[in-house]
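Keep the 3D view open and follow along.

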Amino acid sequence: MSPFDASPLSPSGGAHVRSVVDEFHGDLLEVSMGPHHPSTHGVFRMIVTLDGERIVKLKPVLGYLHRNHEKIGESTSYLGSMPYTDRLDYLNAMTNNWAYALAVERLGGLAVPERAEYLRVILAELSRLQNHVCLAGFLLQDTGASGTPLMYAFREREKILELFESLSGSRMMCNFQRFGGCRTDASSEWLGQVSSLVNGFGAFLDEFEELITGNEILMARTQGVGVMKGPAAVSAGITGPMLRACGVGYDIRKVDAYGIYPRFTFRVPIGSHGDTYDRYMIRILEMRESIGILQQALRDIPAGPIMDPKAKLRGFRPKPGESYGRIEGPKGEIGFYLISDGSANPYRYRVRPPSFVNLTLLEDLCLGHTIADSVVILGSIDIVLGEVDR
Amino acid sequence: MEPLEQICSRLLARFPGAEVSVLPNPGPAAQHSLLVGRASVREIAEFLRDDPLLRLDYCSNATGVDWPEKVIVDVTKVTTPDPAGGPPKVSEVKTERLQPGYLEVVYHLYSMELRHGPVVLRTRTVNRTDQASVPSLTPVWRSAEFQEREIFDLFGVVFEGHPDLRRILMWDGFKDHPMRRDYVEPEDYEWEPTPHGDLVEKAKRARPPVKGGEPVA
Amino acid sequence: MNAAQDTGETLLERAPQALRDLLTSHLPEPWRWFANSLIAIVAILAVFGLLFAALTLAERKILGRVQNRPGPNRTGPFGLLQPIADGIKMLSKEDIVPRDADHLLHFLAPVTLLASSILAFAVIPYGRHLIPVELDAAVLYFFCVGATTELAVFMAGWSSHNKYSLLAAMRALAQLISYELPLLLSWLPVVMISGTLSTTGIVAAQSAWRWGWMPTWHVFTPWGLAGFVIFMVAALAESNRSPFDLPEAESELIAGHLTEYSGCKYVFFFMAEYFGMTALSGMAVTLFLGGWHAPLPSLEFIPSYVWFGAKLITLLMGFIWIRATFPRLRIDQLTRFAWKFLVPLALVNLGTTAFWSLSFGWTGPLLAARCTVAVILVVVPFVLLGRRLSSGLTPRTYSYAP
Amino acid sequence: MLGTGLLQGLAVTAKNFAGSFHDPKRLTTVEYPEKKSVIPEAFRNFPFLVSENAEDPMGTLRCVACQICEKECPPQCIYIEKSKDKKPDASGKMQIYPAVFRIDSSVCMNCQICVEVCPFDAIKMDHVYEIATSERFETLLLDRHDLAKPNSYFHQIRPLEAAEVDGRLTAERKAAEEKAKAAALAKAALAAKPAAPAPAAPPKPPEQA
């Protein structure tokens, strides 16, 4: 792709000046963005080669937060890995827990009681709400919006985190799911709090969209920026809202129908352009669908046990075998691959991190755009370095 | 989706001479896998991706598994006829043999178009030292790009034909592969007091205690 | 200074002069002039220094409130001493200069910037009798001084020996030069109408009352409104304020040209930004908002400098409000916005003003025609250019997967 | 278009600016050192050891040094040494007690697994959060003196859970006493009348949840 490819504001603007500008191409500037940079969402680093402001090469450098999570998982018991999964994608401890629990349940052949399934859905969808609202805030922060949308997003996220805290004891490091159920039961008072939050969330989203979605500057900054085509995204293993933004309606909640998702009616929004604006809007629309799922789940949640009576907390030793469990996390497919050799520790413990795989196309998305766009594109991929580097 | 055995026989028909077999998974998950030999894995992967019945266009997960060499004790019963003419004497003879170690690469394949999966594809290296290489599947599925780099980094599997095979999580100057079972971590980081005796001793040597307190066990 | 000849002269109106005269009247003539100038300088530095301090606090407070948090409230009552604490902290910080930086330029950049932004205060009429220097070409002087900031920002970015700073310097040049043009074009109509480049003259041209109550400020004419909006947008860009804060762009370039500045030099940049913002707002008040005139005849008993201050602070609050709301533009969009939108609009506005000036004598139905034509001349180019600028940018509707 | 989106955004920020002065839903800040937010009962931060008696915390620890938590702790931050002797516990039974019980709070990640696996309800999660110290190494290694907190404190921070635990423990102790009594009776009966049939089996203590 040429560095002077057409820019979004003037679809043909770049072409006719290219020959003139080529004469003036000077030295390339190599900038190391990160690992300490305000917009790399942690300790991510991109080595960016610039021609003026245009990116001609971009190499991501990972591993600054690497702690070999998988090795730790292989040297600790099945239960002992559960709190570590909180720390993968630390915004979505609940869905990480669920994916891991799902893989272990498949490995050990455990069933999950119905009430626990409902609780899992409620917590996963709350998790999705707070992740997407955070993403919207961070993305707008990356476009330079002085923190206002971010603060609104965090104001609402805080309410969800408080719910997590009063159920699981911790705002972010929930460590809530267990193999064959959940750790603690939710009181009806707690469910009532969730209900009132969910009922008020739509109004917040309306105000948030009024603040920013129609903003011309945001549109100029995001429409046509970082366009990703469907087939390329499928081949690159992009999942989650990133994938759906380029028109592939693949949602593991629908495809795998894990848990009790088939019982809920919800739609899967898909984008048509695959640009940053679509990635932002898909998340907003997914939040609206999540609100619907939450309302149905809160309406239907039955009473009953929350743990499989077969499940043991201590000394869990599944039969030799392997399993791969995946769910639709807020960032994409979060999967766990486990091999058991019959001992108390997994023989192989593998995390399939959505943020890490979604980064595959970062360079392709950024080429030809400006350095300012690279920040926005990175923001729209929605990475959490705890998960990328593991 | 068609059963794995059928896929396997179709593959054998399509690629005569290819090493393809079904590796059963004894656990309750029953996700059996296709074990494919190194030589033909690239063509088979392309076939799996493009076959209209399968269309496994999405490689969700690629990972390595380390199977170090292991001593397997074979017990064989040897029947020696009793020279005295009594019932033949049965004795157990234990023979130890060394199962060579290998590194395994596992791909979890799904189809986004036909919405089925997973098909677990495995391939193995010859050994863990000088012939630890398999063909890269990054040209087939781009999503393997970073994941194969990670396997290269952490397990030491060399992927032939990978466009950019560098370390990804560990730093460039790092030696060894941390996810191997026999990896020994270097003692080069700063020790801090922990309740574990020898660590505390080390910490004390490195950093004398500032304040008194209950003597550290 | 003239004696009290205007109407509505009160004791308060004359108070600043009286105070100064009290101090300097016993001096011999050449010394009196020198002392008067010195007092004016000290007064400006004191007033705008305090305003700067208050503005930093106000910005943080307002941003806080907009973002649903209280803002700084720990230092002193309601956090009022926060600027002092900030000042002590910044001034006592170590001044770090990168080893490979161009030390001389690295030092000169903040000094040049601050000096030029202070110079701009010389020609603004703050009140009926409060203008530090009476110049015939005051407006020209003002914008010439303002153009120095470009040089200073470039010096800062270049001398820091930092890639982010260098990028910021390039951006600053592109941005400031682009916006210099609409800024200049936007006030030309004022000069056309009032026929003078002197700021006192321009304020005097806005002193009348139509129908006895409506002030004849330039902003209340179609061309004046358009000019005012263009002026303010360009002023936002010239003072590097959000959404045009590209040289600093903290989410992209860390802090841009300020990356390698710390301590006192950083404060200089910071002060210069606020001084520049204040000076441009002051000029906007002078050019378009009737200067120090009261908005209603009945309110003229309030001293003129209070009115000037009120208008100035309103504009500054607007700057903060905009900063709290908008994302940042990209550099190519920024320059495109200047060249393809603001400049043509300002040029058309010159024509509108010419028409307004030619049709000065129209009365009765012709007056209505004059207003209609002027409004059309402002709105139609705005809509056409705006459409062209934002072509392809629309809110989208989304489908759902089957 | 044409700036309407910008104006809409300005209206929203203006609404929030005004709202933050009168609407508690918009100004949600809790100004921390002066005001503190209410901690939910489930909140967990660092484990503590429950002792029955506030006067003699070391003598009445519920912990019997079974070392299950030490084994299960994911980051391995617990270190226990069993005592050589035995001391009577709350129900008078002779029990081993932890001679050394340390938690490295710089390693602990508050996962609550020690609490879940403890069969004696001896370790519980605390509500403390103002735990900063100026010394990085020694003071973060908490020993049993730092960790022991009385049951009354447990009641104070987690009334519901503590009541449930206490009820369960008293029932268990009662059952254990009855069992002991029955066993003693049986023994006596056995001694008195060796030929007599053994009494019915005493009720089993309820299983740990």
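This is a predicted model, so let's begin with its inside. The largest nonpolar core has 286 residues, and Leu126(A), Trp190(A) and Phe231(C) are the ones with the most contacts inside it. Helix 10 of chain C, residues 263–288, gives the most to this core, with 14 residues. Apart from it lies another core, made of 22 residues, including Ala65(D), Cys69(D), Cys118(D) and Ala122(D). If you wonder about the general idea, nonpolar side chains tend to be buried together in soluble globular proteins.

Now zoom in on Leu126(A). What is it in contact with, leaving aside its neighbours within four places in sequence? You'll find Ile160(A), Leu163(A), Phe164(A), Trp190(A), Val194(A), Leu197(A) and Leu294(A) around it.

Next, hop over to chain C and look for helix 13, residues 365–389. Its 25 residues reach 36 Å from the first C-alpha to the last, close to the 36 Å expected at 1.5 Å a residue. Several residues of this helix are buried, among them Arg370(C), Ala374(C), Val378(C) and Pro381(C). Leu385(C), Gly386(C) and Leu389(C) are buried in helix 13 too. Look at the spacing of those numbers with this in mind: an α-helix has 3.6 residues a turn, so residues three or four places apart point the same way. And what do the buried residues of helix 13 of chain C pack against? Their partners are helix 8 (222–238) and helix 12 (331–358) of chain C.

Trp31(C), Trp33(C), Phe34(C), Leu38(C), Ile41(C) and Leu45(C) make a nonpolar surface patch of about 680 Å². Trp31(C) sits in helix 2 of chain C, residues 29–66. Is Trp31(C) buried or exposed? It counts as exposed because its relative accessibility is 53%, and the cut-off for exposed is over 50%.

Time for some charges. Side chains of opposite charge can pair when their charged atoms come close. Over all chains, a search of the whole structure finds 70 salt bridges. One of them joins Arg155(A) to Glu156(A), with the closest N and O atoms 3.1 Å apart. Arg155(A) is buried, at 9% relative accessible area, and Glu156(A) is buried as well, at 6%. In chain C, Asp332(C) and Arg330(C) meet in a salt bridge at 2.8 Å, N to O, and both of these residues are buried.

Chain D has a salt bridge between Arg158(D) and Glu161(D), at 3.6 Å from N to O. Here Arg158(D) is buried, with a relative accessible area of 3%, whereas Glu161(D) is partly exposed at 24%. Elsewhere, salt bridges that share partners join Glu70(A), Glu74(A), Arg348(A), Arg350(A), Arg390(A), Glu150(B) and Arg181(B) into one network.

While you're thinking about chain D, step back and see how it is built. It has six helices and six strands, and along the sequence they run α-β-α-β-β-α-β-β-α-β-α-α. Of its 209 residues, 41% count as buried.

Most residues other than glycine have a negative phi. Asp121(D), however, has a positive phi of about 50°; this residue is in the loop between helix 3 (113–117) and strand 4 (123–125) of chain D, and it is buried at 6% relative accessibility. Arg115(B) also has a positive phi, near 60°. You'll find Arg115(B) in the loop between strand 6 (102–111) and strand 7 (116–124) of chain B, where it counts as partly exposed at 36% relative accessibility.

Definitions and conventions
Residues are numbered from 1 along each chain as its sequence is written. Chains are lettered from A and ligands numbered from 1 in the order in which they are written. This is a predicted model: local features need pLDDT of at least 70, side-chain atom pairs count only at pLDDT 80 or more; totals for chains, interfaces and linings use all residues. Side-chain values use heavy atoms; hydrogens and water are left out. Helices (H or I, at least four residues) and strands (E, at least two) are DSSP runs, numbered from the N terminus. Buried means under 20% relative accessible area, exposed over 50%, partly exposed in between (1.4 Å probe, protein chains only). The expected span of a helix is 1.5 Å times one less than its number of residues. Contact means heavy atoms within 4.5 Å. A nonpolar core is a set of buried Ala, Val, Leu, Ile, Met, Phe, Trp, Tyr and Cys residues joined through side-chain atoms within 4.5 Å. Patches are made of residues with over 30% relative accessible area and no salt bridge: like charges are joined within 9 Å, nonpolar side chains (Val, Leu, Ile, Met, Phe, Trp, Tyr) within 5 Å. Accessible areas come from the Shrake-Rupley method with a 1.4 Å probe; for residues, only the protein chains shown count as cover. A salt bridge is a side-chain nitrogen of Lys or Arg within 4 Å of a carboxyl oxygen of Asp or Glu.
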